[in-house]
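The sequence and the model are shown here for reference while reading.

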Amino acid sequence: MNLFRLIALAIIVWLAWHFLRRWREGSRLPARRPPAAVPTERMLRCAHCGVFVPAAEALMRDGQPYCCARHRDAEAGGTGA
């Protein structure tokens, strides 16, 4: 039984030493640089439903942005939406 306790104690000491060493190595790593700034695209709010769409994808009519042709046409008095 004493041999079992000695082996268990050795394993516990080894695990503690192993995790402590890894923790200390991790604290020495240089700080991570923040990710490079990603260029953002301007978002426009659909004049009909309020959904935001990228400016490149917005459909414009009379200076108002729309998310789809159906909403653009509904605002112009075309088909109902």
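## Surface, fold and cysteines

The chain exposes about 7,200 Å², and 61% of that area is supplied by carbon and sulfur atoms. The model is a predicted one, and the values below should be read with that in mind. Of the 81 residues in the chain, 12% count as buried.

The secondary structure consists of 2 helices and 4 strands, and these elements follow one another from the N terminus in the order α-β-β-β-β-α. Among the contacts in the chain with a separation of 6 or more, residues 24 or more positions apart account for 9%.

How many disulfides does the chain hold? A disulfide requires a pair of cysteine sulfur atoms within 2.5 Å, and by this rule the count comes to 0 disulfides. For Cys46 the closest cysteine sulfur is that of Cys49, which lies 3.7 Å away and is therefore too far for a bond. Cys67 is likewise in no disulfide, the nearest cysteine sulfur being that of Cys49, at 3.8 Å.

| Residue | Relative accessibility and class |
|---|---|
| Cys46 | 4%, buried |
| Cys67 | 24%, partly exposed |

Cys46 counts as buried because its relative accessibility is 4%, while Cys67, at 24%, counts as partly exposed.

Notes: Residues are numbered from 1 along each chain as its sequence is written. This is a predicted model: local features need pLDDT of at least 70, side-chain atom pairs count only at pLDDT 80 or more; totals for chains, interfaces and linings use all residues. Side-chain values use heavy atoms; hydrogens and water are left out. Buried means under 20% relative accessible area, exposed over 50%, partly exposed in between (1.4 Å probe, protein chains only). Contact means heavy atoms within 4.5 Å. Accessible areas come from the Shrake-Rupley method with a 1.4 Å probe; for residues, only the protein chains shown count as cover.
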